[in-house]
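Work through the exercises below with the sequence and the 3D structure at hand, and try each task before reading its solution.

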Amino acid sequence: DDARVLDLYAGSGSLGVESASRGARSVDLVEFDARASDVCQRNADLVNQSLGTKRVSVHRSKVESYLERAGESSVWDLVFLDPPYPLDEQALSAVLEKLAPHLDDAAVVVVERSSRSPEPAWPDALESFADKKYGETKLWFAEPA
């Protein structure tokens with residue numbers, strides 16, 4: 001309830017849209033691919049209409065650019081990262097580094113990757129606290145250190 005949610009590499013935006021339907025205060029969906037971004041926008045429009053308020057915003061942008069432009073007042077409580085599997089570990093680490101200053105003290109970051117991928121290289125500002133494997137998918141959970 002009342003969380004500020006960020007869904008990076010949003011795809012269809014399903015995680016963010018579900019968060020809004022469960023009471024998130026605001027949701028930012030960030031997706032660079034034009035077709036996927038259009039799907040995000042349609043899904044955001046549907047949930048905003050059903051809630052009677054604009055809680056979900058879509059940003060067609062590269063994740064790195066979006067985080068670089070995020071102002072100091074941009075703070076999130078829950079962040080989902082489901083990057084494309086070809087994204088290398090160094091690029092993911094750079095994204096996590098840019099994300100860290102925008103996290104609430106009690107924030108949770110969830111990274112989804114192939115189960116064959118190594119654990120993300122967490123920046124000093126983030127600390128892993130759990131992981132879960134689902135077939136070919138693995139989730140890692142982190143919080144501010």
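Helices (H or I, at least four residues) and strands (E, at least two) are DSSP runs, numbered from the N terminus. The model is predicted, so that local features need pLDDT of at least 70 and side-chain atom pairs count only at pLDDT 80 or more, while totals for chains, interfaces and linings use all residues. Residues are numbered from 1 along each chain as its sequence is written, and side-chain values use heavy atoms, with hydrogens and water left out.

**Exercise 1.** Determine the order of the strands in the open sheet, and find its edge strands.

Solution. Start with the pairing, for which DSSP must find at least two bridges between two strands. The seven strands then follow the order S3-S2-S1-S4-S5-S7-S6, and their pairing is mixed. Next, look for strands that pair on one side only, which are S3 (56–60) and S6 (126–134). Finally, follow S6 to its partner S7 (residues 137–144), with which S6 pairs in the antiparallel sense over eight bridges; here Leu 126 stands opposite Pro 144 in S7.

**Exercise 2.** Identify which elements supply at least two residues each to the lining of the largest pocket.

Solution. First take the lining residues, among them Tyr 9, Val 30, Glu 31, Lys 62, Val 63 and Glu 64. Then assign them to elements: S2 and helix H3 (63–69) each supply at least two residues of this lining.

**Exercise 3.** Classify the ring pair of Tyr 66 and Trp 76.

Solution. A pair of aromatic rings is described by the distance of the centres and the angle of the planes. Rings of Phe, Tyr and Trp (its six-membered ring) pair if their centres lie within 6.5 Å, and planes under 30 degrees apart count as stacked, over 60 as edge-to-face and the rest as tilted. The centres of Tyr 66 and Trp 76 are 6.2 Å apart and their planes stand at 40 degrees, so the pair is tilted.

Conventions. 1 Å grid on protein atoms, 1.4 Å probe; cavity = no way out; pocket = protein on both sides within 12 Å on 5 of 7 lines; lining within 4 Å.
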